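Welcome, and please open the structure in your viewer. We will go from one selection to the next and look at what is there.

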Amino acid sequence: MTWLRQLRWKLFLSHLLVIAIGLVILLPTAQFFANNPSLGASDSSLLSESGIPASSPNANSASTSDAFQSTMEQALLIAGFAVLGAAIVVSLFVSRRIVEPLQELTLVSGRLAQGYYRERTTIQSDDELAHLSHSINQLAETLEKTEQRRLGLITDVSHELRIPLTVIAGYMEGLIDGVVQPEPQIFAMVHHEAVRLKWMTEELALLSRAEAGQLRVEPRLIVLAMVIERVMAQFQSQTASQGLTLESNLANDLPPVLADPDRVEQILINLMTNAVQYTPSGGTITVFARSLDPFVEVGVTDTGMGMASEHLPHIFERFYRVDKSRARQSGGAGIGLTIARHLVYAQGGEIWAESAGPGGGSTFRFTLPIYDTTS
Ligand code: ADP
């Protein structure tokens, strides 16, 4: 009988109850007065008022009709009072069941609107109001999590920006006070931090645009091999200087894909930057691509430090770093993969990571839709 718990049935049944009480009172009352006309309006006063002699046939019929009318009036009056009483009791009960939760919902939603995202409703029933309360609680939870993320973002961003700024300010103060000598390597260090700061602010701007869904992606027919080769060429000298081997493994039958070449390049650069960053000298980085109809799978695999499986579901979250102190030293802000994921999603693909564990290397794969030549 779960339907009985629904508000509309409760209201319907309460109205039905009032009508039933009216009928239950009305019928026996009418019966009672009909059987006891002397209690009704058989009063001769009525007859005498009409000026008809009580003994005449006309007077008899008039008397019967008056008595009936009066009986009905009394029965209706009593039933009316009974129904009124029942309606007051039932509506008090029903409105308490509706008004109280509504007051609580109003209070909680008002508190949420003021920014108190920890507020929750406590309605326990099983009707529509309880469903509304559940939805408000879900909304509150989402708002609370978003707020926590926002506060976390502000903390993270200010922390990330403070490190290079502190280094630059420290060197500059040292130079002004004459404690630090104006040597080329000092200027190089200051320059390095300034470049890192610039890079981070650009990445943050990109991230915020990506999270707001404002990254412009213009997919068109592209030949992936050309984009991959272009990116590999950019990393040639860096990998060589770090003692890394750079290889490619592209399937011969790679179909054209529907993607934005600049955005694909950006994804590959982010994955390659990580591979170079987290692979020690002597390691190998391989870029591969193969057709997996209706997608092409592209990936970067390295023989580097890898990661434990518990990190895999989180590394695409913003500011997530497996080894925070180490990543910070090497310049990672933990947003490269978040941006890559946004860019892949915006082009209709998927991205994921695999690793055989710490020291076992990592593989990052993403998909792009094959260009449909029939459309
Ligand atoms: P970061 O700028 O710190 O590299 P990312 O978002 O690109 O930020 O990566 C998030 C984290 O994922 C990194 O801090 C690192 O811990 C881990 N990671 C990413 N790529 C690799 C890789 N190729 N090998 C090992 N760990 C990686």
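Start by selecting α7 and α9, which are roughly antiparallel to each other, because their axes cross at roughly 150° and angles over 145° count as roughly antiparallel. Keep in mind that this is a predicted model. The axes of the two helices come within 9 Å, and α7 passes α9 in a left-handed crossing.

Next, select the ligand and the residues around it. There are 19 of them, and N274, D302, V322, G334 and L337 come nearest.

Then move to L337, where a polar backbone atom is 2.9 Å from an oxygen atom of the ligand. For a side-chain example, select S362, which has a polar side-chain atom 3.2 Å from a nitrogen atom of the ligand.

How much of the ligand's accessible area does the protein cover? On its own the ligand has 530 Å² of accessible area, and the protein covers 97% of that.

Finally, which elements give two or more residues to the shell around the ligand? Select 261–277 for α7, 336–346 for α9 and 362–369 for β7, and you have them on screen.

Key. Residues numbered from 1 in each chain as written. Predicted model: local features only at pLDDT ≥ 70, side-chain atom pairs only at ≥ 80, totals over all residues. Heavy atoms only, no water. Near = heavy atom within 4 Å. Polar contact = N/O pair within 3.5 Å; in protein donor to acceptor, adjacent residues only side chain to side chain. Areas by Shrake-Rupley, 256 points an atom, 1.4 Å probe, with all protein chains shown as cover. Helix = DSSP H or I, 4+ residues; strand = E, 2+ residues; numbered from the N terminus. Axes fitted to C-alpha atoms, helices over the stretch in contact; angles between N-to-C directions. Parallel < 35°, antiparallel > 145°, perpendicular 65-115°, else oblique. Left-handed = near helix turned anticlockwise from the far one by under 90°.
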